[in-house]
Amino acid sequence: MKSNDLILQTTTKIAVFIILLFSLHIFFAGHYYPGGGFVGGLLTSGALVLLLLAFDIKTVANSLPFNFRIMIAIGLLFAIGTGAGALFFNVPFLTHAFDYFNLPLLGKTSLHTAVLFDIGVYLCVVGATMTIIQTIGGSE
Amino acid sequence: MLEIILKIGLVGCSLSSAILLIRVIKGPSVSDRVVALDAMGINLAAITALASMIYHTTAFLDAILLFGILSFIGTVAFSKFLEKGEIIENERRR
């Protein structure tokens, strides 16, 4: 029997962008509202899993040429870098700083170094989840 | 007044979840169970919305969208497993 995934693939092409946008919203809202790096990373990997379901591993690897194991390393580097950056200013390890800046489009915004730590968490979660799923799903 | 209506709605959603649970437990085929679980996920989203109205908070609104997305992905994964036998293919078979 010949199977056809047209409806699933078309739905996926639209839904993936909505899920990715929602995960970015959850990630950036994490300081003031529920959310943060962990849930955002899990939701991003959920969008990638939906892509893997609708297409196959080779197509997704061709369209998103990331090495997810290196992504874990980059995330850990971000986390330890923000921790070690505090040592240069004579304050204890993992001390965070923030200030208000006038950005061109966004106006008065508070930029916090905890966001950099959260980016590390996000990259680690995405990398670990996608490594697990690709390793288990790709075996014959 | 609104409190009473919200609680009636909660009872209704809980009852329909309980009836769906019967279909999950003694569904004749696997597809019945998958559809019942999908509907239970949507019921859970409705219950969360009603509870967030009762508690006067907007903190659960992200969770509602999350329930919808996770329910969709789970149902797609399970139906693909029923259809093709494997969830993630290495290479697309024509």
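Tutor: Before we look at this predicted model, one definition: two parts are in contact when they have heavy atoms within 4.5 Å of each other.

Student: Good to know! What covers the buried residues of α5(A)?

Tutor: The cover includes α1 (6–28), α2 (37–54), α3 (57–63) and α4 (68–85) of chain A. Among the buried residues of α5(A) are Y122(A), L123(A), C124(A) and M130(A).

Student: How do you know what span is expected for helix α5 of chain A?

Tutor: The expected span is 1.5 Å times one less than the number of residues. Helix α5 (residues 114–137) has 24 residues, and the expected value is 34 Å. From first C-alpha to last, the helix reaches 34 Å, close to that expectation.

Student: Now the two chains. What makes up the contact between chain B and chain A?

Tutor: On the chain B side there are 18 residues, touching 27 residues of chain A. About 2000 Å² is buried between them, with carbon and sulfur atoms giving 65%. The rule also finds 3 residue pairs in polar contact across this interface. By class, the chain B side has 10 nonpolar, 1 polar and 7 charged residues.

Student: Why is the pair D5(A) and K84(B) called a salt bridge?

Tutor: The cut-off is 4 Å between a Lys or Arg side-chain nitrogen and an Asp or Glu carboxyl oxygen. In this pair the closest N and O atoms are 3.1 Å apart, so the pair qualifies. The rule finds 1 salt bridge across the interface.

Student: What makes E3(B) and K7(B) a salt bridge?

Tutor: Their closest N and O atoms are 3.9 Å apart, so they fall within the 4 Å limit. Both lie in helix α1 (residues 2–25) of chain B, 4 residues apart, about one turn of the helix. At 35%, E3(B) is partly exposed, and K7(B), at 45%, is partly exposed too.

Student: Which residues are linked in a network of salt bridges?

Tutor: D5(A), K80(B), K84(B) and E89(B). Within it, E89(B) and K80(B) meet at 3.2 Å, N to O, and both are buried.

Methods. Residues numbered from 1 in each chain as written. Chains lettered and ligands numbered in written order. Predicted model: local features only at pLDDT ≥ 70, side-chain atom pairs only at ≥ 80, totals over all residues. Heavy atoms only, no water. Helix = DSSP H or I, 4+ residues; strand = E, 2+ residues; numbered from the N terminus. Buried < 20%, exposed > 50% of the residue type's maximum accessible area, 1.4 Å probe, protein only. Buried area = accessible area lost by both parts, 1.4 Å probe. Polar contact = N/O pair within 3.5 Å; in protein donor to acceptor, adjacent residues only side chain to side chain. Nonpolar A, V, L, I, M, F, W, Y, C, P; charged D, E, K, R; others polar.
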